[in-house]
Every structure is written in C-alpha cells, then in structure tokens.
Amino acid sequence: MRVKELHPLCCITLESPHALDDNKPPPQPVTNLTRSRSLPATSLTGGSNRRSLASAGSVAGILYKWTNFSKGWRSRYFLLRDGILSYSKIRRPENLNLLSSSDDVRLIGNISADRLSRMDSCSGRRKQEKSVGIVHLKVSSFRESKSDERKFYIFTATKTLHLRTDSISDRAAWLQALASAKCIFPLRSLNGDFSFTSPKDLSISTERLKKRLQEAGMNENLVKDCEQIMLSEFSEMHGQIKLLHDERTNLFDALRQLEEANLEAGAPGIHSSLGRGKYSECSTTASSDDKQEFEDVSEEDEPSFHDTKEYFNEPNIGSGSNLPNNSGYADIKRRTKLPDPAEKEKAVSLWSMIKDNVGKDLTRVCLPVYFNEPISSLQKCFEDLEYSYLLDRAYEHGKSGNGLLRALNVAAFAVSGYASTEGRHCKPFNPLLGETYEADFPEKGIRFFSEKVSHHPTVIANHCEGKGWKFWGDTNLRSKFWGRSIQVEPVGVLTLEFDDGEVFQWSKVTSTIYNIILGKLYCDHHGVMQIRGNRQYSCTLKFKEQSILERNPHQVNGFVEDVAGKKAATVFGKWDDSLYYVAGDGVSKTKVSDPASNASLLWRRTKPPPNVTRYNLTSFAITLNELTPGLKEMLPPTDSRLRPDQRHLENGEYEKANLEKQRLERRQRMSRQLQESGWRPRWFEKQGENETFKYTGGYWEARGHRKWDDCPNIFGEFTEEQLADSA
C-alpha cells in the first residue's frame, strides 16, 4: 500500500516511492553538504516570519535538464529562493561561483567539498553565471514521474521542465523543497492580502482652513478663494489616485486570472498544451508523446521575456476590436466546425500515387480526393486576408503621417498569410477554368473576389477591397516533385494600394513539403521577400530555410529602410507565430524566443480551433466554404461553394466525392481547347503581356441583380461528344 508523507509546513502530500516497503526507512531529504540552519518553528502568517522562512528555506544543487534530442540531458545549476527557481548553465566545474560561504542555502546532491572550496575561492574574482531560466512557483506546479524514480516535472504556462536527479533521495528532497516554497507563497495571497483604499472613501474638509484664515483677519472673499483653490487641488489629486487605483486593480485581476490558468494547466497528470488524453509519462526511452513534449522544451526557447503591456493588450489585436464600425454586424454567425463525416475514409499511400511523377509539375497529376482539403485554391487565396486588420491599421498610420508604422504593418500582413499553412498537408482543389469565389465579410470590412483566368499555366487572379485600401494580384504555382519533397514556387506580383496613392508590391517565397516518403510531413517557407514601396519606405524579409537539426524553425528576419538606404527598423519573428519590430538599426540578430525589452509586437497568430480535423484548418478557413442562409441563391453557378466534389468531401461522403472529382477532371480536359479558341476571363483582364490580371469591375453589381446569364454552369453535366470535340 502506498503511504503519503505529509509535509510539516503545509497540507500538501507527497507520494514517496520508498514508502512501499514498510521495512525500509524513507530516505532523509538532506544533502551531503549543508550550510543552512534548521527552519524555525514559527507561524507562517506574519510578513517578517514569511520572509525569514523563505530565506532559510533556500536550496540549491545540480539537476539534469532535458534540452532537446540533439543535446539530450544537460546539467544545470538550480537555485530556489524566495519562491523563485532559477537555473544557469555550467561551463566548467570551477565556474560554480553562484554562492559564497555567507549564503544561507542548503545544497541538495553530491557536491564534493573540493568543488565547494573551489567555488568559494572563485567567487571573489569570477563574474557570476547568468541565469538562463526563471520559474515563479506561485504560478507553476510540479509532480514526480511515475516511470522513473529520479525524474520530476515542473509545469508553467508556456513550457514543461523535465528534470532528473542523481538519486532517489535527491528527488524527494527537491520535491519537499518545492512544496515548502509553494506553501510559503500560496496562491491565495493575491486573493486576500491586497486591499486598496477606494478613491470614493477619500474626502477633505476645509473647516479648519476657513477658521484659521478668519482668525488671521482675512476677509470672506479671500477665504472663499483659498477654499476653492484647496478643493480644486484635491479634485485633481483625487483623479490621479483613482487612475492609479484602477490600474493597480486591473493588474492584480490579471495576475489572479494568470495564476488560476496556470493552476489548472499544471494540475497533476495534465499538460497545458497536450490535454488530459494525450499526456503520457516521460521515460529515458521516449515514447511518441514524450518526444513531442521534449521537442516543446528546446533550450533555444528558454529565455522568453516580454513586456507586460503586450500580453494584457494582445487580445485586442487578434480579435479585430481595433476595426471600426464592426458593431453593426454582431449578428453574423459563422460556423466553428466542419460537418461530421458521413463515412469512414480509407487511407491511400501518397508515394504509390506520385512515384512515377518525379520531376513533373504536380498540378497536372490527378490524385484521389483523399489528398485534398475541402477548399479550392481560389478560397485559399482569401486565407491571406485573415489578418486584414493589419492593413486597416497600416492605412490609419499612414493617414496620421507615420509612414514607418504603415510599412511595418504591411510587412506583418505579408508574413501573416503563411501562418495558416502550419500542419496543412492536404492539397486544395484545382479550380476549373472560369471558376470563381466571392467572400463578403462586413464584420472585417472587406469584400474579396477571385477567378481562375488560365488553365495552362494555372493562373488565379484575385481582388479585395478594404477600409482605405485595395489588394490584388495573380498567382501561378509551379510545383515540382523531387522524390522526398514537393517544391512550390509562386510566380506573380501582389499589389497593395492605399487611397492616398501609396503602393507596396511583393512576391511570395518558395514553399517546400518534406518527408513525402518517410517521416513526419512538414511544410517550410524559405527565400527573400522584397516589399517595394513607391514612397519613403521599403522592406526586406528573409524566411530562413529549416535545416535537419534546426531547433528554432520558421524564423523570419528583416528590416525596413528609407529611400536613402538607411535602416529605420528591424523586424524579426516566426511566420507561424508572431512578428516584432525594433525602431532604428540597433538589433541585428535577435532571438525570436527572447525579444529585446524594447521590441514591440506587430502581429500574433490566433489560436487554433478546438475542433481539430485531419485537415488542420484554421477557424477562419473553416468558414470559407460555408453556405450561410440565403447565400446559395445569390451566387453565380461558377462559385467554388457549389462545386459538388468539394462539397461531398466536406460532408465526409468520400465515394461520391471521388466520382465527382473524376467527372470534373474529364471536363477539365476541355479547358485547354476553350482557352486556345479565344476564351477570356469574365471578371479580370490582363493589362499587358507581362502585367498582372486586374479586376474589371461589375461582379458585385451583377450579384445585386442576380444576373448571371453569361456565367456558364461549369459544374453541370456534359456529353461525351463535347469531350471528344475538345480532344
């Protein structure tokens, strides 16, 4: 039977693995060397007593921390003091100069007297080792491993520390020390120990002032003037106190929420990012779930310090609350999940389908519907507008005369379009010639329209109008299969024009999907993106190509420069997470995980949806193929939402989807002859031989009248004679 040891300082129980054997005494959580006195048996209620207990309860020692698969377990020096656990790298044993003989710290572990003496002798002349990580126990939790008696975990809001000791007794000592520190600084301190005097309780009386002035012989008018000055000064001071009171109250409310969130996320057996069902114990021979956890706590990502203002204000950035005139569209309800599949799909080997097409253009390879996601390439173009609020913000900055912030927000918008590609391994449907897609999102203040304007080469043109800006371009995707990877090179120019005449243009970078045959599929974007402006600022962004042993992938670095070539700002971040900037030319190589203290957030990716499918669609992408009430009757017969194979796939009707896809691919063979016979796009026109397709107008007006006489039913039935004529 498992016996629980009750810690003497609090009501937290620690399970001891050695309590299973009643004949063996439990290990004593003491160290081989100690500099500490016994903890005083005093009450924990007083502030001074709490402080003395915190100091007397300080412990230190060497633990092994899991870093990543390339470096494995590495020794780190840990110090627990005042409810904060900090750790540092150990370059050489003699560099352990973190303590002096005067420190009241208990050492855990087998630290020899010889090393301790060297540590003391070096402390006077060596620079103190810099901490690489800090954990506040107030907003963290911990537990022991059930599979390894020397391991334990510490959970924070953003990561999990995997730690290992040299012995079983050392682990028991560390867990006991952590429990003691947690009890000395309980969570409830924020809920009960802070009381603020409300500004409403403050008042002032002028009676004594009036009496004194009257005794001095001053006339009544002068007394009233003095009284009025006094009341005016108090009123101003009262307003300042109220402002400080509100700010302090909001700060502690935010801290309470943060602590509660961390307490829930760090509960025993639950990992904040994996959930109850997927969490598994880690062992030396890591399981698949363990590997994911290990990868999540790469040492490259340890130091992550951000401005408090960023986190308290951030929800307003992604929510679109900064967009004007959204209140009138609060009644728009868009779906949050795809329909439940009607059938169980059958897996198909991608390698068996494309092994004979090495070096070929994959846009001409017919794949079964299993490899598609339920949106078309036309709709995928609209995904680039998910964070269109960045362009609204850029417009406002430019209108107020801040051209630098306009350019920075345009750069953030250009990067944000790649965030939705993370984990997306399925291919969008290749549109038929003349297929269209519209997106009217009044809650975002944008209207988007796209059309497939060429079949060979495949070219998709699109046009979007927002609040003070227009965005258009055409894209020709050239894809090649190289045996173990698929490389996609976008050809085309994207143009953004503001109402005041400022224009920015850029082209997309190369995208590659790796591990087609073996291993886990993943997508990477790499290359240099030049965002050219026609006025004061332009931007250069480098998407770093991911290497095999890359510990910090998806990096984007760049700068904004003026017309004279002088750097005005540095930009850095990750295309699947966030983007920051620092004004001026002061930062050259800044870690994404450790932004400079003066770095400002430009953009952050919204959280993934709770209803995850194998397509890994974002919350925004889930809405793109939706037929909202009354929409079907207003659409032209060429709209992607009416494509039958795509609709069947979304509904999980895989057999019907495959049959329809094969039927439409036979019809697709007619496209080349149509194009060669003089077919022209309905809504776009090419400006010149080497120019971009531009929107000619008229679509939304035709939609208002529901006049689609010149739009053919491209998804309808066709005869074999028509197919033969096109051959």
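This tour moves from the nonpolar cores to a surface patch and then to the salt bridges.

The model is predicted: local features need pLDDT of at least 70, side-chain atom pairs count only at pLDDT 80 or more, and totals for chains, interfaces and linings use all residues. Residues are numbered from 1 along each chain as its sequence is written, and side-chain values use heavy atoms, leaving out hydrogens and water.

**Stop 1: the cores**

Select Phe-382, Trp-506, Ile-531 and Leu-541. These have the most contacts inside the largest nonpolar core, which has 66 residues. Such a core is a set of buried Ala, Val, Leu, Ile, Met, Phe, Trp, Tyr and Cys residues joined through side-chain atoms within 4.5 Å. Buried means under 20% relative accessible area, exposed over 50%, and partly exposed in between (1.4 Å probe, protein chains only). Now color helix H13, residues 403-416; its ten residues are the largest share of this core. Helices (H or I, at least four residues) and strands (E, at least two) are DSSP runs, numbered from the N terminus.

Next, select Phe-78, Tyr-87, Phe-142 and Ala-179. They are among the 22 residues of another core, which lies apart from the largest one.

**Stop 2: a surface patch**

Show Ile-204, Leu-209, Met-230 and Leu-231. Together they form a nonpolar surface patch with about 280 Å² of accessible area. Areas come from the Shrake-Rupley method with a 1.4 Å probe; for residues, only the protein chains shown count as cover. Patch residues have over 30% relative accessible area and no salt bridge; nonpolar side chains (Val, Leu, Ile, Met, Phe, Trp, Tyr) are joined within 5 Å, like charges within 9 Å. Leu-209 sits in helix H5, residues 207-215.

**Stop 3: salt bridges**

The whole structure holds 22 salt bridges. Each is a side-chain nitrogen of Lys or Arg within 4 Å of a carboxyl oxygen of Asp or Glu.

Pick Arg-703 and Glu-438. Their side chains meet in a salt bridge, 2.8 Å from N to O. Arg-703 is in helix H18 (699-705) and Glu-438 in strand E13 (436-441), so the pair ties together parts 265 residues apart in sequence. Both Arg-703 and Glu-438 are buried.

Move to Lys-399 and Glu-396. Their closest N and O atoms are 3.7 Å apart. Both residues lie in helix H12 (389-399), three residues apart, about one turn of the helix. Lys-399 is exposed at 52% relative accessible area, while Glu-396 is partly exposed at 40%.

Finish with Glu-373, Lys-380, Glu-383 and Arg-424, which are linked in a network of salt bridges.
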